Amino acid sequence: MDKMPYRFDGPPGQEDMPYLLTPGPLTTSRTVKASMLADWGSRDIEFRRVVAEIREGLLDLAGSEGEHECVIMQGSGTFAIEAALGSFCPKAEAKTLVVANGAYGDRAAAILARLGRPVTKIDKGDSAAPSAEDVVAALAADPAISHVWVIHCETTSGIVNPIVEIAQAVKARGKICMVDAMSSFGAIPLDMKDGFDVMVSSSNKCIEGVPGFSYVVVKRDMLIASKGMSHSVVLDLYEQWKGLEANGQFRFTPPTHALVAFHQALKEHAEEGGVAARGARYRQNAEILVRGMREMGFSTLLSDNEAGPIIQTFLTPRDPNFDFERFYEDLRVRGFAIYPGKLTKRPSFRIGTIGKVDEKVMRAALKAIREVLADMGVKDLSPLDS
Ligand SMILES: *Cc1c(COP(=O)(O)O)cnc(C)c1O
């Protein structure tokens, strides 16, 4: 195909493709993209150094002080989730509690069920945060629970869960605490020392790399104890770690370009000012977007203190002229790719506020949204179900 499948006349700065206002893959910097214009050999010393520096960089970002390991896994975030659940969660007698408030919690529980690992779930629906008290009550009710799986930012709604309070409650009761920090790591602070035994994230979210791999940060003694636990050859974290430790190489073909791009993305993350600066930019994006959308008449699913800086959920307007597919396509032609909703009950759509985008992009997106609404003749922006 020598022509893009849509007419693009979006704002300057992102010449060839729309901005991805999504939870990932997301818009990356030109320099991250440019770093992929070379073919690296997976056995070469330079590439092995890139991999080693990524693993060290991630351990630093996670607040590790030498007691953890970082294991990189080929594949998207869910591959590392399944690898971690299969490597660390008990096979019998003891069980794993999944603290769910959206699709990603449900998916973790479904993976455990598929693996035949005992699992129980707290289900808060998809727009309320679980509390430490919810977790304490579940642990008290079922002494067989030995492991707890929590989600940091539930990308289904964008809600940020109180994971430090939950981890402290879990550790005070002597249980293992595992966190899916996929859509938050790098933008919302997370310190393993706050009570996390295992943390999982991926290349194409807040570090602003491209898709291709995921990673697990885990206490070294727990990783060593997991030998032989995994249900899978490729997803076996212990064996993956052994391979990386032995010669700095992956057991199976690594996504070389994605790793080199991530190495560049980590450098740019540090240059921007690390987690604090990245989080501040995303918060500003979110504030500008939400304010502008509310001025137009849109309603957000979450209140300002529940919503995080990662992705914003808006309720579908009741105006019969509002057609999401047309809204989506007309925005894309103007240079902005938004995201459908994922709530089970309320019709909604989402706009991501992460990636290499800033307040200028947010203001341009708001302008495009106003134009598209006018084109569609949408006037009543009150939510469909209120
Ligand atoms: C993105 C994401 C994942 C992983 O999804 P993939 O499609 O496998 O990359 C897992 N959990 C959360 C909270 C996420 O945002």
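At what angle do helix H2 (residues 45-61) and helix H8 (residues 237-247) pack, and how far apart are their axes? In this predicted model, the angle comes out at about 125°, and the axes lie 11 Å apart. Angles of 65 to 115 degrees count as roughly perpendicular and those over 145 as roughly antiparallel, so H2 and H8 end up oblique to each other. Their crossing is left-handed. On the H2 side, the residues involved are Arg48, Val51 and Arg55, and these meet Trp241, Leu244, Glu245 and Asn247 in H8. Sorted by class, the residues of this contact come to three nonpolar, one polar and three charged.

From H11, Arg326, Phe327, Asp330 and Leu331 take part, meeting Ala368, Ile369, Val372, Leu373, Asp375 and Met376 in H12. The class tally for this contact is seven nonpolar and three charged residues, with no polar ones.

Now for the chain as a whole. It has 12 helices and 14 strands, and its C-alpha trace spans about 60 × 55 × 35 Å along the principal axes. A compact globule of 386 residues would have a radius of gyration near 21 Å, and the chain, at 21 Å, agrees with that. Of the 386 residues, 56% count as buried.

A few spots in the backbone deserve a look. Most residues other than glycine have a negative phi, and most peptide bonds are trans. The bond from Gly24 to Pro25, however, is cis, with omega near 0°; Pro25 sits in the loop between strand S1 (19-20) and helix H1 (30-34).

Two glutamates have a positive phi. Glu93, with phi of about 65°, is found in the loop between helix H3 (77-88) and strand S3 (95-100). Its relative accessibility is 76%, so Glu93 counts as exposed. For Glu208, phi is near 70°, and the residue belongs to the loop between strand S9 (198-202) and strand S10 (213-219). Is Glu208 buried or exposed? With a relative accessibility of 4%, Glu208 counts as buried, since the cut-off for that class is under 20%.

Key: Residues numbered from 1 in each chain as written. Predicted model: local features only at pLDDT ≥ 70, side-chain atom pairs only at ≥ 80, totals over all residues. Heavy atoms only, no water. Axes fitted to C-alpha atoms, helices over the stretch in contact; angles between N-to-C directions. Helix = DSSP H or I, 4+ residues; strand = E, 2+ residues; numbered from the N terminus. Parallel < 35°, antiparallel > 145°, perpendicular 65-115°, else oblique. Left-handed = near helix turned anticlockwise from the far one by under 90°. Contact = heavy atoms within 4.5 Å. Nonpolar A, V, L, I, M, F, W, Y, C, P; charged D, E, K, R; others polar. Rg over C-alpha atoms; globule rule 2.2 N^0.38 Å. Buried < 20%, exposed > 50% of the residue type's maximum accessible area, 1.4 Å probe, protein only.
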